[in-house]
Structure formats: C-alpha cells, structure tokens
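Subject: Structure for you to look at

Hello,

Here is the structure I said I would pass on. My notes on what was found follow below it.

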Amino acid sequence: MSETQLVQGNEACARGALAAGCRFYGGYPITPSSEIAEHMVRLLPGVGGTFVQMEDEIASLAAVIGASLAGSKAMTATSGPGFSLMQEHIGFAAMAEVPCVVVDVMRGGPSTGLPTSPSQGDVMQARWGTHGDHPAIVLAPSSVGEVFDLTVRAFNLAERFRTPVIVIYDEIIGHTRESVVLPESVEVKERLRPNGDPDVFWPKTAPADGVPPLPAFGDGYRFHVTGLTHDERGFPTNDAEQAGALIKRIHAKVEAHFEEISEVETFMLDDADVAIFAYGVVGRSARETVLRARAAGVKVGLIRPVTLWPFPYSHVAEVAKQVDTMIVAELNLGQLIGEVERAAASQAEVVGHLRADGEPIAPSELLTVVTPIGGRAS
Amino acid sequence: MTDVKTYLREWAMPHVLCPGCAHGIVLRAFLEAVDQLQLDQDKLAMVAGIGCSSRLVGYVDFCTLHGTHGRAPAFATGLKLARPELDVVVVTGDGDGLAIGGNHLIHAARRNIDLTVLLLNNSIYGMTGGQSAPTTPEGAVASTTPAGNTEPMFDACKLLIGAGASYVARVLAANPMEMTKVMADAMTHPGFSFIEVISDCPEYYGRYNRLGGGAEMLTWIARRDAGVADPLSSKSFVSHVPSSATPPGLATGVLQREVRPVFGGVRGPEIDES
C-alpha cells in the first residue's frame, strides 16, 4: 500500500527511473546530482540492472547510449559542467534516435560556478546545447513528487519517440526532502520493436508517426548506427534529399506530437490581470506569491510550463491576450523570457524578475514585484 | 572456411579507403579470425569512433555502432554491460584511441571489461587530411608539422600495459596470418584485450615522408619487425633531431597476458542496507 514517505528530490528521481523500467545507469559524480547515482547503485542490482561509474560525463552518456542499443532503458544524471560535456552525445542520441534520459540538476554557472546553489541557467542549453538542428524534449519538475512523476514520463517519452529526454531541475528541488506518496505502479511505455524479416529490415524507415522501430543489438537484426547523416538503411549519405528528409523527420516526430508531449499548469488565471510565468523551483514560489497577492486583492495568476521544450508558444500567447502584464521569474539573467516575448508578440507587457546569484526567488520578494504591477492594473 | 564476403555488407561498397591503405587487409584478417572462432554474426557487435579505421564497421554485417570521436570504448562498455552475451569489438585509430579518446581507452583497460580493441595505427590523421597524431614519430612530416614533428610519440602497447590491460599485442598489417592468429587469441581472452595493428597511410604519411605507396610502406612496416630502424630517422629532410630515438624495431606479438577478474558493472543481489 502506498504510504507517506520523506523523500529527497534526487532519491525520487532514482526511484522514478526504477519504476519506469530503467535498468542501466552510467554516471560521473557531480554536485548537486550525486545522490541520484548513489541511489541507483543501491536500487539497480535488486532488479537485475547494472550500474557503472564512468571516467567522465562524455563516457557516461556514451555508455548509456550503448546500453540503450543493447535494449536496456538507461539514464545518466549530472549538473551544469557535466551537462556541457554531455552535449556531444545528446546530439548523437538525437541523430541516431537512441532513447535515453539525461537528468541535469542545475547549479550556478557559468563554468564550475556555484556548485551548491540553485540556478536555472541551463534551460537554453537543454534546448540548444548540442550542435546542429535537433529536437528537444525537456521536463521541469517543481517538487519532489513531480521529480518522480516526470522521471517516469521522461522514460516513456524517450521510448515512445526514440529520442533523448532531459529532466531539468535545480539544487533546491534535488536536495529538498518532502512528504510524498509515491505510486505503487506507474504506466510504462516500451519502444516499438520490429517484428518483420531481419534480412529486409531498414533501421530508419519510419511508419506514419515518424518513429522507426528499434531492435536491440543481439536480437537478430544486424544494423548500422551512426551519427553521420544517413539514409533509411542507416548508412551514411551526402544526398541532399535524404539528409533533408532525416533532419525534418527527427524534428517532426516531436513537433507533430506537441499535444502529447506538452504539459502546462495554470493557477488562478481565469480573471487575472497579471500572469507570472515561472517553472521549476520558482514555480513553487510563484504559486505562493499568487495566493498572497490574491489575499491582498491583486488579480494575479500563474502559468507554469512543466514541459519546457517544446515550448508552449500558443499557450503563452493565449495568456498574453488575456492579461496586461506577464512577469517572467527565473533563476538566470533572462533565458525563457525571450521565448515568452516571442509568444506574447507585444499583446502583453513582459517584465522580467531575474536573479543569478545563487539565491532562490522567495515569495516575499516576488510579491514586491507583483503588487505594484497588479495595483496599477486594477 | 567461409568466404569472408559472408561477413561483408557488399551493398555498402564501394568503401571510403584510399588505394594502398592497409586497413582492408586488417579487416580481412579480422573476419578470418571471426570465421575461425565461428562467432554468431547476430551476437557480434563492432563499435567504432571516428576516422578511417572506424569506418570499417560500416562494411561488416554485424551489429555496428559508429559513434563519436574517441568514445568507442565508452559506448562499448555500456553495450557489453547491458548485454554480456554479445561479443564486443572496438575498432579505433591512433588519433581516435590515443588522443581524443585516450581517457576512455585506459579506463576500459583498467576495468578489465571483456572487450577486444583493435587500434589501427597509421601514424597520422588520415580522414582529416594528414595532420600529426600522438603516434607520429619525431621528425616525421605531417600537414601540421611541416618542419618535422617535435613531439615524442606514444607507445600504445606500453600505455595499455601501464593502464592494466590484461592482454596486449602488437601485429603488423604486413603479416596478415599473424594478425588473424593474434586477433582470434585476443577475442577468446577473458577480459580486456588490446591489439595495436601497425597499418599504413600512403596517401598522407607515405606521401609527405616519401615512403612510397602501399606496397613500399608495407615492406617498410615488415622491416620494422625485423629490428630495422625507422627510415625516417635517417631522412635528410628532417631538420629536427629526435630527442629520443625512434625504437629500432617495434616489439610484436603478445606482449602481455594475465588472467584477472573481469568487470561486469555493479549488479547482482540487492545490497544489504542494514
């Protein structure tokens, strides 16, 4: 029977991974994500899984990709400096279409920055960090319970769309212990596997939804996997038509399934004059801010993207149409605010409340921004 | 024995290698070893990085992974740990395996994970157009060492023995039958096995250093085995005098063989939390 437990964010991540069917973890120690590895090494052997500590983050994601091609659900976890090193293989996994989950527990940057402080400085890197045009699915939990749920969801999306999925949260969410009731069982999705004749199997011929079936190495389908632009047979090609078709298909399989992937939470927006746009740990502060501002008679609401990428442009645009002002609060010097401005397209005033000094944004602080703007509106 | 073409993806030909390149001889020797051992094509995975040697995996009819530059041992580690029944062979080059991927190679050796690594050493970066590599001898000309290389080179086998590889061998592309024998031996070794194959690059290394075409280079490689000094050390166009003389002959054959526990990752019964 499910019961209330006191669980740390990083532990919830490991337990979510296990529940989703993760059976391989390859990682490298880095604050503030290391507890994920420390839980995985204890949990995996009991379910027939394998843990390995690799020599660096580049190798960690390489091992994860290798394990995934061997048929295992696999993941790694890191923080900013390691996330930078993983960009090479995030691109490889996107190109070769290898399902995997990468968790980035954000700390202050750039460089080694503030290892034990929260930040949301990696949200654009999660979208654009690796070179070339590539799709991205990025999920941003704002509580310990949501870390569990979204880690499960990340595996399901990775398997469903044959693509790397990033779970991104910050040091506070990672290290907070909260009372949660974790589900006994969760809905788990498995990658599509081929069932036809191995002799005529082409690994990159996709059905209508754009996601080709993926056999495991050793299953009797002998195929080639490469990060070079390739044809439907999986073999490198310089042919412009085939190159264009591949790059468009790996984008389309995410874009065409936007509704399936995107999740946006709204709170008290119905009659709002002011909307706060916040995600992750700031989403929590923003929710409390809304409650306090409402108590003072200010008509403010919250839009919190749970899926950061693909970005919910149309959803933000609808909010912008309704309110006078959108306040974007994030722990960086302005990253997703640019996307909000694009989506709002001048239909609402967009104001940033940004900080990148290693301190969180408290509700009391955000209230001092919301109150005068809300007062002006009413 | 089986026709080695059985193991090739003939549909993927023609291949990208240059005339005179010995990598094809190395591949054939390897496929003969696969045939001798009667390995199951469905259970043999080949993992490569980036470079001329790494392109070989595209042409063989196994499960093949053409990864990123230098990282093949790391991809192979995940593959082998997740599916131990696979035979996993890494194909890498001297730049791929010893420069950008040196870290992954030595850690795979240290763990003694059951992989076989074939490192095809042609003394230069071929795919990118003839730049110097960590294996370019002192004095040798490359596109980035036009006046002769002033950096000392790696001895790949010494490096791997130092890293803890439980099986280390050096073979010459000029000696295909020996290659097959050693490759079959390495693949049956329990744990990490490393084979440095002295191959050639007539297109760049040979041309820049006036060592002739493929046949001449293979002859030169064969003479190295007989203890004959690298012809570069006496080349008059080399202005730089090597600080440590190029070894008069490279030791070949099996240089290291030991049996020690094979790494399988952290797995097995749940750890007792009490």
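This is a predicted model. Chain A is split into two domains: domain 1 covers residues 4-181 and domain 2 covers residues 264-377. The C-alpha centres of these two domains of chain A are 27 Å apart.

The two domains of chain A touch each other, with 23 residues of domain 1 in contact with 20 residues of domain 2. On the domain 1 side, the elements of chain A that give two or more residues are strand E6 (114-118), helix H5 (123-128), strand E7 (137-139), strand E8 (164-170) and helix H7 (171-175). H5(A) gives the most to this side, with four residues. Sorted by class, the domain 1 side has 14 nonpolar, seven polar and two charged residues.

Next, the contact between the chains. It takes 39 residues from chain A and 36 residues from chain B. On the chain B side, strand E2 (63-66), helix H2 (72-82) and helix H4 (102-111) of chain B each supply at least two residues. H2(B) has the largest share of that side, eight residues. The chain B side is made up of 15 nonpolar, 13 polar and eight charged residues.

E2(B) also pairs with a strand of the other chain. Its partner is strand E10 (residues 224-226) of chain A, and the two run in the parallel sense over three bridges. Which residue of E2(B) stands opposite A:Thr226? That residue is B:His66.

Regards

Notes: Residues are numbered from 1 along each chain as its sequence is written. Chains are lettered from A and ligands numbered from 1 in the order in which they are written. This is a predicted model: local features need pLDDT of at least 70, side-chain atom pairs count only at pLDDT 80 or more; totals for chains, interfaces and linings use all residues. Domain bounds come from an automatic or database domain assignment. Two residues are in contact if their C-beta atoms, placed from the backbone, lie within 7 Å. Ala, Val, Leu, Ile, Met, Phe, Trp, Tyr, Cys and Pro count as nonpolar, Asp, Glu, Lys and Arg as charged, and the others, Gly among them, as polar. Two strands pair if DSSP finds at least two bridges between them.
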